Amino acid sequence: MTASGSRSANACESCRRRKVKCSGEQPCRSCIRHNWECTFGNWGRRRYSEAHVQGLLDKIRSYEDQLAVQSDSGSVVRQQSEHDPGGHAPAVRHPAFIAPAPRPGGHATPSTHGLQEPLSDGIPFPDGDDDDDAGISPATDLTSGPAFESQVRSLLHQNRPCNSLNKMIPDHMGVDRPTSQWKSSQALVNEASAPMIPTLSESQHLLDRFLFYLGVSQHFFDPRTFSDSMMLLFQSPERQQYHMCTTWFTEYLLVMAMAKLMDVEEPTSQPPGASLFAEAMRRLPHLHQLGEEGVIAVEILTLITTYLQWCDRKHDAYLYVGLALRLAIALGCNRPSGEQACLPSETAHRVRLWWTVYMLDRRLSSGLGLAAGADERQLCLEFPRHAIGFQSPIALIINVRIARATDDIMSSLYGNASITQNELVRKIQIVLHDLYETGRSLPAPLLLDFNRPLQTVTRTGASLYLMLFQAIILCVRPILLQRVRQKVRRQAKQQPLEPAPPILACLCETCNEAATKSLSILFALQRQRIIPRYGFFDLDATFSAAFILVMVGFIGDSSTSPPPALDQAFVVLRFLSRAGNLAAEQRLQDILQSCLHVWPTYSAGDKQANDSRQGPAGASSTPSQPLPRSSTSPGTDYFHSTQEDSRLLEPWMHHDMASGVFDMQGGWDMDLSGEAEGIYSSFYDPTLPLTGVDHTDWAEIEKVLRGLNA
């Protein structure tokens, strides 16, 4: 008989259900005392013999030994392959990556740890002499209770290979784990192919490509210092071995990886530059060492952010830009120039780097609908000024202003339940006016004339226009989507849609104009072959603009086929998807699905053969010869665009004096208070929850349209 006050290892169902102590007999004491039915089910904890438990422990330890042997053999093979068996120094042209060597200061470069934790959840390897004790603790070696069960489950979960099938396998309780929207970067970080250092000529070409796409409206590093270090890397084998043990070499790998992502022409199984990126991640210092590295650590984190962003790993990019932002603040990069206590050139670099990190943080947080990394009220640094040896900061300033406006839209207009109708309307008016003034600040070399077909555009000017138009769309899109919802409801009652009030109609037209001109720019970029296949922002802009045109077509109901600008969107999306950009392929299918709701007989397949002959939206199509393509140049127009963008290296007028013509219609100074109720209900309709995130809002509208066709 069980002693009084003790708990039996096997309780009856009544005691188990009421969570009271059970004596284990039948009937038990509690059931006798309370006159309960005392029954013992077959689902209680099964008892195992000591021999059975010992057998399970032996099997687990054998698995651990196999894992340890595999990890050790892998490191040996890697070290053997990284050294020349003949004892010769590696060639300067194509040296394989060698094992991490001590830094010049005596510190070893980490190889497999550091900041991989946010991106990888692979098998943790035992450390040192703790191999025999890893896994099951001695206190629970021969215990069959919950502690033993928990440790075994934890160990098996850690050592289980991570693959896509695991997301579909239920856990031990039979409950499916929810599918996360977080797209894992583990495949990028664990890229196993051995990377090779590009030659000097290829490195120079890739550096030029990086600066062409990202070196004008953003600032990741000082190109002069980087170019000098790159020349020293190829000076001699001894010099190369020295540089490969420095933190700068990690930055070099990231720049080359990023440039390869821009330079791709043919489809690949992995994003281009993945092996270089994985090697850079293996060399990344530990988190607690980043502060010691100084500003170069901020540069590295910003480059990691950009590569992940372009590879559609935006959540991981959001983590890394947050680290970069906080490290930049900790290093004082956000302080006024007079308080940085640096040489003028270093101060100019730190200020430009800070605003690039700030801009990326705002864009990523806005794109994901998440909080930004720093409070705007705590930032008092002025915009960068012209500095000798640096390009004009005006493109970077415009980029930052648009990013700040985008963040203001997301934080103030979407999901801000405390805002009133009048406050919302005033905020929209202020944001639209600021965006209009930003458009007028574009310098003359970057201005685009939309009164005639766009033949040639600069890469920097196109990017700034696209950012500006996307901010305008984000600011007024809910009004257009609410009109879609209203039409669905009216059609369900077999009633026509009533005309929109003039103010709302004007805002919807502004949204339509921004989308149409965005696609005109993107189509021109594609024709000039200066749109990178993995360019995340070009893809997002294409999807957002195409989404708007489909919605406008649904409301208008005046044509049996999509507008020409939507055909341009399909051209761009196909161009991006042909190199293996899976995100572009998915967005293409999404837009085609939406088109079928509006134009059921429309087929975009017959447009593919005429991609190179389509003209800009709103203009007559003019035949043109296909542009030449090669592995090193996007086309003949690339050189012309490069010459145009090179003007940005010249010190133009001060940005405060810039006053261009922003050729776009719209009620920039219109009083919106007369339609405050309608505008407010567009943003805060509980039956149509909008977040400002493009694909999320698209999914909400898809639900509405599917309900119409059900």
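Student: How much of the chain over residues 462–480 is helix, and how far apart are the end C-alpha atoms?
Tutor: Over residues 462–480 the chain is 100% helix and 0% strand, with the end C-alpha atoms 25 Å apart. Helices here are DSSP runs of H or I with at least four residues, strands are E runs of at least two, and both are numbered from the N terminus. This is a predicted model, numbered from 1 along each chain as its sequence is written; local features need pLDDT of at least 70. Side-chain atom pairs count only at pLDDT 80 or more, totals for chains, interfaces and linings use all residues, and side-chain values use heavy atoms without hydrogens or water.

Student: Where does UniProt place the "transmembrane region" feature?
Tutor: The unreviewed UniProt entry puts it at residues 462–480 and 536–556. UniProt annotations may be inferred rather than shown by experiment; positions follow the numbering used here and feature names are shortened.

Student: And over 536–556, how far apart are the end C-alpha atoms?
Tutor: The ends of residues 536–556 are 30 Å apart, and that stretch is also 100% helix with 0% strand.

Student: Which peptide bond is cis?
Tutor: The bond from Q26 to P27 is cis, with omega near 0 degrees. P27 sits in the loop between α1 (13–18) and α2 (29–34).

Student: What sort of phi does N35 have?
Tutor: N35 has a positive phi of about 60 degrees, although N35 is not a glycine. Its place is the loop between α2 and α3 (50–81).

Student: Is N35 buried or exposed?
Tutor: Exposed, because its relative accessibility is 72%. The cut-offs are under 20% relative accessible area for buried and over 50% for exposed, with partly exposed in between (1.4 Å probe, protein chains only).

Student: Moving on, what is the phi of A341?
Tutor: The phi of A341 is near 55 degrees, again positive in a residue other than glycine. A341 lies in the loop between α13 and α14. With a relative accessible area of 77%, A341 is exposed.

Student: How many residues does α14 have, and how far does it reach?
Tutor: α14 covers residues 344–368, which is 25 residues, and spans 36 Å from its first C-alpha to its last. That is close to the 36 Å expected at 1.5 Å a residue, where the expected span is 1.5 Å times one less than the number of residues.

Student: How many of the α14 residues are buried?
Tutor: 21 of the 25, so α14 is mostly covered.

Student: What comes just after α14?
Tutor: G369, which takes a positive phi of about 70 degrees.

Student: Last one. Where is G678?
Tutor: G678 belongs to helix α23, residues 676–683. Its relative accessible area is 21%, so G678 counts as partly exposed.
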